[in-house]
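Work through the exercises below with the sequence and the structure in view. Each task is followed by a solution in steps.

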Amino acid sequence: MPSFPWDCWSSLEIRVVLCAMGCIQSIGGKARVFREGITVIDVKASIDPIPTSIDESSSVVLRYRTPHFRASAQVVMPPIPKKETWIVGWIQACSHMEFYNQYGEQGMSSWELPDLQEGKIEAISDSDGVNYPWYGNTTETCTIVGPTKRNSKFIISMNDNFYPSVTWAVPVSESNVAKLTNIYRDQSFITWLVATNTSTNDMIVLQTLHWRMQLSIEVNPARPLGQRARLREPIAQDQPKILSKNEPIPPSALVKPNANDAQVLMWRPKFGPPLVVIPPKHR
């Protein structure tokens with residue numbers, strides 16, 4: 001296939017498109033042509049313009065569901081003259097995580113990513129845990145097996161959100177009395193649109209996105225179930241950023257473990273040493 005410049009950002013036009021669903025950031029204008037003649041026609045990214053919902057139906061846990069981050073891209077792969085396979089898809093990594101559940105004066109539980117927190121890695125894979133390094137293998141990727149005689153045109157998409165459960169009671173206590181007073185979460189992600197030649201392991205970054213999810217929930221455990229929790233600012237999330245210049249993918253974002261397998265739940269009391277409540281799945 002012919003060789004092209006790494007990208008054609010000089011011809012790039014960035015525009016914000018408003019639609020009924022809210023604010024969708026889109027990069028359009030002239031198509032961008034990358035190495036191997038791969039063309040990106042359009043990239044869209046957004047976070048649903050709805051607040052986080054809170055569910056107090058359980059007497060054991062509080063549940064909340066954040067709005068979805070969504071990304072899609074329209075890509076054209078030129079004819080592949082050789083017997084080789086290309087995969088085009090989304091790779092995502094977590095670059096920052098703070099996730100605290102406060103239990104009044106007793107202390108707090110904290111989901112932590114030790115290597116990320118200690119600065120040993122820049123970001124940690126957010127793969128589904130099966131199809132490394134890809135975020136998923138349904139709508140998130142497209143596989144093109146050569147040789148092909150015509151262009152292959154396709155759309156790949158992904159979405160992500162949080163839907164966890166937080167215990168009302170202190171997680172290391174045998175008591176089931178509600179003590180939860182606050183939930184705080186702040187996570188940042190980098191999402192890459194990538195094309196990979198599986199025969200040569202050549203990897204081409206086509207687009208880089210940054211997005212962040214912030215959450216603060218105030219809880220009054222003395223109130224009746226169903227009336228305890230209140231969502232605090234920010235109610236609406238900042239919209240994702242589609243970068244005008246691509247960022248390289250750190251090696252830690254391409255391999256095991258992913259964030260779900262590496263995270264550990266700690267109990268950090270106001271007095272006394274911290275305790276591991278749930279160890280990481282990956283050792």
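A residue counts as buried under 20% relative accessible area, as exposed over 50%, and as partly exposed in between. The model used here is predicted.

**Exercise 1. Locate two cis peptide bonds.**

Step 1. Most peptide bonds are trans. The bond that joins Y132 and P133 is cis, with omega at about 0 degrees. P133 lies in the loop between strand 10 (124–125) and strand 11 (141–145).

Step 2. K256 and P257 are also joined by a cis peptide bond, with omega at about 0 degrees. P257 is in the loop between strand 17 (241–242) and helix 2 (259–262).

**Exercise 2. Work out the order of an open sheet and find its edges.**

Step 1. Strands of a sheet pair through backbone hydrogen bonds, either parallel or antiparallel. In this open sheet three strands follow the order 5-6-13, with antiparallel pairing.

Step 2. Which strands stand at the edges? Strand 5 (53–55) and strand 13 (165–167) do, because each has a single partner strand, which leaves one side of each without a neighbour in the sheet.

Step 3. On average, neighbouring strands of this sheet are turned by 25 degrees against each other, direction ignored.

Step 4. Strand 6 (residues 61–65) pairs with strand 13 in the antiparallel sense over three bridges. R63 has S165 in strand 13 as its bridge partner.

**Exercise 3. Describe the pairing and the two faces of strand 12.**

Step 1. Strand 12 (residues 152–160) pairs with strand 7 (residues 69–77) in the antiparallel sense, over nine bridges. The bridge partner of Q74 in strand 12 is I155.

Step 2. The covered face of strand 12 consists of S152, F154, I156, M158 and D160. K153, I155, S157 and N159 form the uncovered face.

**Exercise 4. Characterise the aromatic pairs.**

Step 1. A pair of aromatic rings is described by the distance of the centres and the angle of the planes. The whole structure contains five aromatic pairs.

Step 2. In the pair of Y103 and W267 the ring centres are 5.9 Å apart and the planes stand at 65 degrees, so this pair is edge-to-face. Y103 lies in strand 8 (residues 85–103) and W267 in strand 18 (residues 264–269), so the pair ties together parts that are 164 residues apart in sequence.

Step 3. Are these two residues buried or exposed? Y103, at 2% relative accessibility, counts as buried, and so does W267, at 5%.

Step 4. The rings of F162 and F189 have centres 6.2 Å apart and planes at 45 degrees, so the pair is tilted. F162 is in the loop between strand 12 and strand 13, while F189 is in strand 14, 27 residues apart. Both F162 and F189 are buried.

Step 5. Which residues do ring pairs link into a cluster? The cluster consists of F69, F162, F189 and W211.

**Exercise 5. Find charged ends that sit over rings.**

Step 1. R185 has its charged end over the ring of F99, 4.2 Å from the ring centre.

Step 2. The charged end of R228 sits over the ring of W168, 4.6 Å from its centre.

Conventions
Residues numbered from 1 in each chain as written. Predicted model: local features only at pLDDT ≥ 70, side-chain atom pairs only at ≥ 80, totals over all residues. Heavy atoms only, no water. Pairing = 2+ DSSP bridges. Helix = DSSP H or I, 4+ residues; strand = E, 2+ residues; numbered from the N terminus. Axes fitted to C-alpha atoms, helices over the stretch in contact; angles between N-to-C directions. Buried < 20%, exposed > 50% of the residue type's maximum accessible area, 1.4 Å probe, protein only. Phe/Tyr/Trp six-rings, centres within 6.5 Å; stacked < 30°, edge-to-face > 60°. Lys NZ or Arg CZ within 6 Å of the ring centre and 35° of its normal.
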